[in-house]
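Please read the following report alongside the sequence and the coordinates.

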Amino acid sequence: MRILVVEDEPGIANFVRQGLQEAGYAVDVTWDGQEGLAYALATEYDVLVLDIMLPRMNGLDLLRELREQGNKTPTLMLTARDTVEDRVIGLDAGADDYLVKPFAFPELLARVRALLRRPPLQTGTVLVAGDLEMDTSTRQVQRGERLIDLSPREFAVLEYLMRHPNQVLTRTQIGEHVWDLCFYNESNVVDVYIGYLRRKVDTDSDYPLIHTVRGVGYRLSAEE
Ligand code: CA
């Protein structure tokens with residue numbers, strides 16, 4: 001597993017590099033945001049450890065640019081400040097996890113391991129499937145040029161499908177991720193909402209995105 005560390009404080013950079021190497025990872029380090037972006041785009045890293053305050057390009061801009069270019073490398077952000085706003089900005093920029101300085105190395109290592117275990121999901125605020133786009137921060141959904149107006153529940157069902165593209169999801173999975181404890185598996189509420197979404201998302205479109213997998217559940221896919 002290969003990790004890129006973008007950190008401009010030499011003490012922290014060296015300590016993180018040494019610790020990760022001792023744990024058996026291949027590690028590249030850069031001190032500069034623009035160079036970090038170039039590295040991250042040039043090589044398929046398994047994890048990115050990213051400081052926020054960096055020379056030439058800050059970590060948030062680096063990450064936004066990386067995500068805009070479709071790069072989904074799991075990213076752990078390091079920050080000196082621990083406020084709710086900082087966390088929200090970092091996560092909205094596409095970070096997968098967050099660690100506040102000063103930190104103990106075993107915690108960084110545990111978080112890196114957790115990121116490596118994650119299945120590949122769509123990360124970031126804009127989810128895409130074929131010509132369907134969902135911006136989860138502005139809550140705007142569009143198919144091609146057509147804006148789609150969704151209720152909060154419809155939005156939640158579609159977001160869950162879009163975060164697991166090409167996977168077959170059972171009614172129970174969808175129900176448990178979108179409804180609270182009041183969800184009853186025996187009700188047909190998931191099918192009802194899939195019906196609403198089909199009408200809004202797939203009607204009048206060139207190809208369907210929401211597919212029924214008979215006897216199992218549903219799958220969102222731009223392919224047949
Ligand atoms: Ca820094």
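The text below goes from the chain as a whole to ring contacts, the calcium site, helix packing and backbone geometry.

**Basis and overall form**

The structure is a predicted model, in which local features need pLDDT of at least 70 and side-chain atom pairs count only at pLDDT 80 or more, whereas totals for chains, interfaces and linings use all residues. Residues are numbered from 1 along each chain as its sequence is written, and side-chain values use heavy atoms, with hydrogens and water left out.

The secondary structure of the chain comes to 8 helices and 12 strands, where helices (H or I, at least four residues) and strands (E, at least two) are DSSP runs numbered from the N terminus. Taken along the principal axes, the C-alpha atoms fill a box of roughly 55 × 35 × 35 Å. Of the 224 residues of the chain, 44% count as buried; the term buried stands for under 20% relative accessible area, exposed for over 50%, and partly exposed for values in between, with a 1.4 Å probe and protein chains only.

**Aromatic pairs and charges over rings**

A pair of aromatic rings is described by the distance of the centres and the angle of the planes. Here rings of Phe, Tyr and Trp (its six-membered ring) pair if their centres lie within 6.5 Å, and planes under 30 degrees apart count as stacked, over 60 as edge-to-face and the rest as tilted. With this criterion, a search of the whole structure finds 3 aromatic pairs.

In one of them, the rings of F15 and F103 have centres 6.3 Å apart and planes at 35 degrees, so the pair is tilted. This pair links distant parts of the chain, since F15 belongs to helix α1 (residues 10-22) and F103 to the loop between β5 (97-100) and α5 (105-117), 88 residues apart. F15 is partly exposed at 39% relative accessibility, while F103 is buried at 12%. Ring pairs also link F15, F103 and F105 into a cluster.

Y193 and Y196 form an edge-to-face pair, with 5.2 Å from centre to centre and 80 degrees between the planes. The two tyrosines are 3 residues apart in helix α8 (residues 189-202), and are therefore separated by about one helical turn. Y193 is buried, with a relative accessible area of 19%, and Y196 is partly exposed, with 33%. The C-alpha atoms of Y196 and E154 are separated by 7.5 Å, although these residues are 42 apart along the chain.

| Charged residue | Ring | Distance from ring centre |
|---|---|---|
| R139 | F155 | 3.9 Å |
| R143 | Y207 | 4.8 Å |

**The calcium site**

The protein donors of the calcium ion are D8 (OD), D51 (OD) and M53 (O), which lie 2.1 to 2.3 Å from the ion. Donors are N, O and S atoms within 2.8 Å of the metal (3.2 Å for Na, K and Ca), and since water is not among the atoms, sites may look incomplete. Along the chain the donors follow the spacing D-x42-D-x1-M. D8, in the loop between β1 (2-6) and α1, and D51, in strand β3 (residues 47-51), are 43 residues apart and link distant parts of the chain. D8 is partly exposed, with a relative accessible area of 28%, whereas D51 is buried at 3%.

**Helix packing**

Helix α6 (residues 152-163) and helix α7 (residues 171-178) pack at an angle of about 125 degrees, with their axes 10 Å apart. Axes are lines fitted to C-alpha atoms, for helices over the stretch in contact, and angles run from 0 to 180 degrees between N-to-C directions. α6 and α7 are therefore oblique to each other, given that angles under 35 degrees count as roughly parallel, over 145 as roughly antiparallel, 65 to 115 as roughly perpendicular and the rest as oblique.

**Backbone geometry**

Most residues other than glycine have a negative phi, and most peptide bonds are trans. The peptide bond from K101 to P102 is cis, with omega near -5 degrees, and P102 is found in the loop between β5 and α5. N166, which is not a glycine, has a positive phi of about 65 degrees; N166 lies in the loop between α6 and β10 (169-170) and is partly exposed at 44% relative accessible area. D204, also not a glycine, has a positive phi of about 65 degrees; D204 is placed in the loop between α8 and β11 (210-213) and counts as exposed at 74% relative accessibility.

Methods: Lys NZ or Arg CZ within 6 Å of the ring centre and 35° of its normal.
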